There are 2 protein chains.
Amino acid sequence: MAHLTVSVEYGIHGLLWLVGSDEPLSSRDIAELQGISHSFLAKIFPRLEKAGIVRASEGVRGGYLLARSPDDISFLDIVDAIEGRKPLFDCQDVRTRCALFGDAPPAWATSGVCAVHVVMLQAEKAMRDTLAGQSLGDVARSFATAASPDFFPQVRNWLGERVGHRVRNARRGRSPASKRESPE
Amino acid sequence: MAHLTVSVEYGIHGLLWLVGSDEPLSSRDIAELQGISHSFLAKIFPRLEKAGIVRASEGVRGGYLLARSPDDISFLDIVDAIEGRKPLFDCQDVRTRCALFGDAPPAWATSGVCAVHVVMLQAEKAMRDTLAGQSLGDVARSFATAASPDFFPQVRNWLGERVGHRVRNARRGRSPASKRESPE
C-alpha cells in the first residue's frame, strides 16, 4: 500500500477536468467521464470545497468550478485537503523513556526536538516543498500538450450533451426535484 | 496517523544503543533500557538483520551488533528495512480510463509516465534523498553530544550487570537452554 490513498489520485484527475471549464461540472459527470466510482468521488469533492479549492453550485446546471486559478492550487493543497495534514512521523519522544532516567528524564534528554524527529521533519519538508511547487495548472498544461487537437472539443460535446439532457428533462417536469439538486 | 509507523521510531532508537557497542545487545535488554515493548522490538530486529543492518549472535552473551559502520546505515536503509519500500503514490493509470476512449485509449494518453505520477515521484525522491543523506552515525553523535558525561558509563554498567546476571545463572545451570538462546 502506498502512503497516499487512491482518493488523492481520483481527486487530482477529477480536478483536472475543471481546469478551463466555465460551466460547473457535476461530480457524477466527472466520475463517468473519467471512468472512476461516482460514490467515491462524491466524498472527495466536499473536502476540496471545504479547503477552498472548488466551489459548488446547485440546480440542474449545477456542479463544481475551481474556486481559484489552477496555478494557485498546488498538489500540496490537494493532498492536504483530501488526506488531512498527515505527518511523515509521529514522534512519541521515545528518547525520554530510558530506564536509567526513572520518572525524571534529565533536561539534556528532553530539550529541543529529538534528533530522530529532526531528520523526519526534514524529509517531510522536502516532500511537502516538492508538492507545493507543482500546481494543478502545471499538470493540466502537460495533459493539454499531450492530447490530440480534437480531444477537448469532444469532451465539451460529451459534457454538453449530458447537461442538455438534464435540462430538457427538468423542463418537461420529469425531475421536479432537480432545482434543488446537490452538485453531485 | 503518520505515514511511518511507530516501528520505525522503535527501530531507530533501538539501533542507536548498538552504535559504539563492542558486545552484542539482546533485543530484550535494548527494549527495557529504552522503555519500549520487547515483543514489538523483537519483531523489528529480524527485519533489520535481513536487510544487513545488524547481525545476530546466539548464546548467553548473544544479541545484536551493527553489521556495518553506523555512518554507512542511512535512515532510508532503516525505514525501508522496517516498512518495506512503500511508494508515496500507487498510480492506477486513471488517465487511460476516460469514457471517450472506450476500450482503446490512444497512444498520447498512455505513453510515458502520467504527469500526476511524475509529481508524486519527484516528491517521493525528495523525501527519500533526505532520508538517504542522514545516517545512524550522524544522529548517534548528536545524542552523544547532548548526553551528560556520566550517561554512557552508566548505560554500560546497566547492560553489563544484566549480561553478568545471565552468565552467572547459566553457569549455575538455572537456565540450561540459554546456550541455544536466540538473540532476543
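1. Terms first. Two residues are in contact if their C-beta atoms, placed from the backbone, lie within 7 Å. Helices (H or I, at least four residues) and strands (E, at least two) are DSSP runs, numbered from the N terminus. With those terms, take helix 1 of chain B. Its buried residues pack against helix 6 (115-132) of chain A. They also pack against helix 2, helix 3 (38-50), helix 4 (75-83) and helix 7 of chain B.

2. Provenance. This is a predicted model: local features need pLDDT of at least 70, side-chain atom pairs count only at pLDDT 80 or more, and totals for chains, interfaces and linings use all residues. Residues are numbered from 1 along each chain as its sequence is written, while chains are lettered from A and ligands numbered from 1 in the order in which they are written.

3. Burial of helix 1 of chain B. A residue is buried if 20 or more other C-beta atoms lie within 10 Å of its own, exposed if 12 or fewer, and partly exposed in between; these C-beta atoms too are placed from the backbone. Nine of the eleven residues of helix 1 of chain B are buried, so this helix is largely enclosed by the rest of the structure. The buried set runs from Val8(B), Glu9(B), Tyr10(B) and Gly11(B) through Ile12(B), His13(B) and Gly14(B) to Leu15(B) and Leu16(B).

4. Overall form of chain A. Chain A holds eight helices and two strands. The order from the N terminus is α-α-α-β-β-α-α-α-α-α. Its radius of gyration is 23 Å, whereas a compact globule of 184 residues would have one near 16 Å. That radius is taken over C-alpha atoms, and the globule rule is 2.2 Å times the number of residues to the power 0.38. Along the principal axes, the C-alpha atoms of chain A fill a box of roughly 80 × 40 × 30 Å. Of its 184 residues, 33% count as buried. Among contacts in chain A between residues at least 6 apart in sequence, 71% join residues at least 24 apart.

5. Helix 7 of chain A. Leu136(A), Val139(A) and Ala140(A) are the buried residues of this helix (residues 136-146). Seen down the helix axis, they fall within an arc of 105°, so they line one face of helix 7 of chain A. The arc is that of the directions from the helix axis to the C-beta atoms. Packing partners are helix 1 (6-16) of chain A together with helix 6 of chain B.

6. Strand 1 and strand 2 (residues 63-66) of chain A run antiparallel, joined by four bridges. Strands pair if DSSP finds at least two bridges between them. Val54(A) has Leu66(A) as its bridge partner. Five residues lie between the strands, and Gly59(A) takes a positive phi near 100°.

7. Ala56(A). This residue is in strand 1 (residues 54-57) of chain A. Not counting residues up to four places away in sequence, Ala56(A) touches Glu49(A), Tyr64(A) and Pro183(A).

8. A backbone check. Asp93(A) has a positive phi of about 55° although it is not a glycine. Asp93(A) lies in the loop between helix 4 (75-83) and helix 5 (107-110) of chain A. With 14 C-beta neighbours inside 10 Å, Asp93(A) counts as partly exposed. In chain B, phi of Asp93(B) is likewise positive, near 55°.
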